[in-house]
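This briefing covers how two protein chains meet. The points after the lead are grouped by topic.

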Amino acid sequence: MNVQSQNWVAIGQVTDIPRQGSRCVKNGDMTIAVFRTTDDRVFALEDKCPHKNGPLSQGIVHDGCVTCPLHNWVISLETGTAQGADEGQTASFPIKVEDGTVLLGL
Amino acid sequence: MTQKLKLVVVGNGMAPGRMLEHLFEAGDAYEVTIFNAEPRVNYDRIMLSPVLSGEKTYEDIIIHSDDWYAEHGVTLHRGEKVTKIDREAKTVTSEGGITAPYDKLVIATGSNPFIIPLPGHKLKGVLAYRDLDDTHGMMEAAKKGGNAVVIGGGLLGLEAAAGLKMQGMDVTVIHLMPSLMERQLDPAAGFLLKRELEGRGIEVLCEANTKQILGTEKVEGVELADGRVIDASLVVMAVGIRPNTQLAAESGLEVGRGIVTDSTLRTSDPNIYSVGECVEVGGMVYGLVAPLYQMARVIAGHLSGPSDAEFKHVETPTKLKVTGVNLYSVGEFGEGPDREDIVLRDAMRGTYKRVIIKDDKIIGCVLYGDVADGGWYNEMLKSGDSIQEMRDTLIFGQAYQGGGGGDPLAAIANLSDDAEICGCNGISKGQIVKAIQDGGLTTLGDVRAHTKASASCGTCTGLVEGVMALTLGDAFALPDAEGMCGCTAHSHGHVRRLIKAKELKSIPAVMQDLEWSTPEGCAKCRPALNYYLVSDWPGEYVDDMQSRFINERVHANIQKDGTYSVVPRMFGGVTTPDELRAIADVADKFEIPTVKVTGGQRIDLLGVKKEDLLPVWKDLNDAGMISGAAYAKGLRTVKTCVGQDWCRFGTQDSTGLGIKLEHLLWGSWAPAKLKLAVSGCPRNCSESTCKDIGIICVDSGFEILYGGAAGLHIQGTTPLGKVATEEEVLEYVGALTQMYRDQGFYLERIYKWADRVGYDHIQDVIMNDHDARKEYYKQFLFSQKFAQIDPWAERVAGAEAHEFSPMADLKLEAAE
Ligand code: SRM
Ligand SMILES: Cc1cc2nc3c(=O)[nH]c(=O)nc-3n(C[C@H](O)[C@H](O)[C@H](O)COP(=O)(O)OP(=O)(O)OC[C@H]3O[C@@H](n4cnc5c(N)ncnc54)[C@H](O)[C@@H]3O)c2cc1C
Ligand code: SF4
Ligand code: FES
């Protein structure tokens, strides 16, 4: 990741995302899933499961992970890597919250 | 760094793919370059038939993705056919002019489909069945519909025929021999197979000889030797394969039927090996992957160091990959004076079993319909054990050995290590045992995660548990004693009891009080807890949307491509012209690609984009329709037959009663899905006897049945009792439903719950305990007050709005 050229884009308020839930951000052809945990941390992953491209934004969020709705892979919100015995990784994006506004690094 | 040896592989099929996997497991001694005439990565050729039939896609059958080549530093030249091997200079050169030097060369050119040079064989629309392009060609042709002729009634021809039929074509199979698959099946099994295919609407002509393919520019038909003409817009020739030896022959290697190798797969040039269908080893050539995989292992051994691995002939069983057709054959089945047959036929079930014995040993078997014992017979064929002791019971299969009835664990213990346990994922007993031992696995969940066994269709779960019980002994805890999931040691039963006893009314409260080991639970326990709370505290508990599986959260079914399906309720399967018009209008307006009648007597709109859900629902709501809950662990459908109003046998208003039941039950959540049916007489046209709850109307009243299953498991219903009036049906069914809602474990269908708590007990409560029944019914009606709110209407009115629109659209914003 090239920090110098980081471009922070405001995508909305933290409260727009349900706790233990997710919202999508469209970026051209790519969809990015933005997650919010119970303790209000936010994470951004490409909305594509490393298994068969399932939409991760539609999964159940628990313990810093999301379970993919299609075949139940469990993906780390922080790193995008599949947990347990499954292998694969989804792209993750830098994200931060300033005064309640969510900023996505592209 | 020492220079790596250069390995060049010609051909990128399944055989060399497997060889490279073994080679990379052993080390990284080679720098590998692959030339492949096909312009793509290594895929599972076997699975082309499911691709053709539409059950899989190309992506599903890729074996090595681009990442794999990158990871192993393999150079893959796609679409580059090798045309020259210079054995002096040790280089190969491709059609496109790429030259690569090698230290070791592996020729894996596979086979070519054999095309009979009939007049017309070069016309457009004549295809072979070998690779992805052929498969796509057939799928493309099938889009236009019409007639297809498949020449050849062997494994490939029949898979092609079944696939084309599933794609909607009218299919005729032309086969030269008197019975189908004559090399793998005896005439009796061939006959059963023919009858099955004909039952599916495929025309099968045996002893038919093709004279010519008709047409001027493209195929128009096929003319048989006896003068018959069959119209066809597509002709698939599947009459056999020939090892592809051209390159090897031109390079001066010894070639017979295939590329001749010794038992280490080395050709007549010591630096050149060959693997796959192009090989002739021990005088044999092979056309199924199991022996090719054995070759792959042998070569990898020799390439990665001194090895004494040798290829040995083993019989490979044949199965046909046509959904719903079960056949199994292995070994020899020709008749002979020194051979003895044991045959078992069951005309009712359409099964046929035949075991062929010579000198008290099994040398072959042919099974049709009931193939469960195929693996067992093959074990004995391979081991060469004497069957003398069990000759009398041999044909009944493994379950009947050793004193009848049979202990399932003993049967599993008897299986050899390479006996296949999970058919979907091809996992053997030995692999499961090894994973358990190496990984210290103790739960079914672990075994699934590490081996994939029983993780697909799940029908082998019992076998997998058996293997676990044998491997772990006392350390194996049966799953129902297991905790709900990895987050707790409490079982479902405990949790349900404690929620009520301790009056726990939220998910965090349950997790706190029952000492969950994870902070927020997981995707298994959260939906279960949410259901228990919804069911136990109606009107009090607020449904936790984030603990619901996506389908129940957005009230539509997610599809494999991330779109959704929408199924409006059609009470009792009855609709009106207005409803149908509204459905048609919605389908047009939102360009919904597929409109399908479901197996549950209603209509499914498939492929709806998530952002279209709200407006689609609005239009359906406006026409008076509500969600059919086709996604819910709750009431799905009440199927009915026409009944008294129309049917000459109808004894009661089965349609009307079904509609009343659906009005009573819709909206209710349950441990698992709940499906009902009402039939107007014992002819049972709405299939009441395999539903969760079924009603059969008779002259004197209504028989209530329950605990049927017709999905992963099949079983008929058990009678609950008989009542005289419709009002009673509603009350008894409502009470039964509530008892199940109250006691069932999450994802436990009625039949599993009843198996667990006992059919007699349930019958006793609902039929004989007047007060208990009234109380359950009252509770049910109370909980329905909060459940019967159409979720579509709620969302159209603005609930859960965040679900249905993206949070931001960056490209749009940039443009603004
Ligand atoms: C649409 C439909 C097929 C069709 O085109 O006809 C269908 C589609 C699905 N079925 Fe089914 N089943 C459909 C009728 C059936 C039937 C027949 C029936 O209801 O009479 C059965 C056998 C009866 C039974 O339920 O036992 C059936 C037994 C299953 C099972 C096995 C359940 C079991 O306990 O054994 C599953 C898997 C599961 O639930 O875990 C399943 C799962 C599914 C899922 C939900 C798979 C999934 O998780 O994505 C499919 C969703 C498709 C979608 O998004 O719309 N479907 N499914 C049928 C919808 C009926 C309706 O109007 O609501
Ligand atoms: C529809 C279908 C269904 C099948 N079902 C089953 C089944 O159920 N069970 C089973 O065991 N087997 C089945 N088979 C057979 C199985 O797929 C084959 O035995 C196996 O794939 C052969 O592997 P291979 O590596 O030897 O050859 P192939 O997979 O044929 O690979 C050879 C490759 O080499 C390439 N090639 C050829 N010449 C050159 C050259 N000069 N330069 C570069 N590349 C070249 C070809 O383009 C091809 O891609 C089925 C086959 C088909 C077509
Ligand atoms: S789950 Fe049902 S609808 Fe889906 S493929 Fe299987 S049988 Fe068909
Ligand atoms: S696509 Fe995510 S688990 Fe399969």
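How many residues of chain A are in contact with how many residues of chain B? In this predicted model, 35 residues of chain A are in contact with 34 residues of chain B. The contact includes a salt bridge and a sheet that takes strands from both chains.

**Confidence**

- The model has an ipTM of 0.62 and a pTM of 0.52.
- Chain B has a mean pLDDT of 89, and 94% of its residues reach 70 or more.

**Extent of the interface**

- The size of an interface is often given as the accessible area lost when the parts come together.
- For chain A and chain B, the buried area is about 2600 Å², and 55% of it lies on carbon and sulfur atoms.

**Polar and charged pairs**

- One salt bridge is counted between chain A and chain B.
- Its partners are Lys52(A) and Asp60(B), whose side chains come together at 3.3 Å, N to O.

**What chain A contributes**

- Four strands of chain A each supply at least two residues of the side that touches chain B: E1 (8-13), E2 (21-27), E5 (60-62) and E10 (101-105).
- E2(A) gives the largest share of that side, with six residues.
- By residue class, the side of chain A that touches chain B holds 16 nonpolar, twelve polar and seven charged residues.

**The sheet across the two chains**

- Strands of a sheet pair through backbone hydrogen bonds, either parallel or antiparallel.
- Here five strands make an open sheet with mixed pairing, in the order E8(A)-E4(A)-E3(A)-E2(A)-E39(B).
- The edge strands are E8 (92-93) of chain A and E39 of chain B, each of which pairs on one side only.
- E2(A) runs parallel to E39 (residues 808-809) of chain B, and two bridges join these strands.
- Across this pairing, Val25(A) stands opposite Ala808(B).
- E2(A) also pairs with E3 (residues 30-36) of chain A, in the antiparallel sense and over seven bridges.
- In that pairing, Lys26(A) stands opposite Thr31(A) of E3(A).

**Strand E2 of chain A in summary**

Definitions and conventions:
Residues are numbered from 1 along each chain as its sequence is written. Chains are lettered from A and ligands numbered from 1 in the order in which they are written. This is a predicted model: local features need pLDDT of at least 70, side-chain atom pairs count only at pLDDT 80 or more; totals for chains, interfaces and linings use all residues. Side-chain values use heavy atoms; hydrogens and water are left out. Contact means heavy atoms within 4.5 Å. Buried area is the accessible area (1.4 Å probe) that two parts lose on being put together, summed over both. A salt bridge is a side-chain nitrogen of Lys or Arg within 4 Å of a carboxyl oxygen of Asp or Glu. Ala, Val, Leu, Ile, Met, Phe, Trp, Tyr, Cys and Pro count as nonpolar, Asp, Glu, Lys and Arg as charged, and the others, Gly among them, as polar. Two strands pair if DSSP finds at least two bridges between them. pLDDT is the predictor's confidence in each residue, from 0 to 100.
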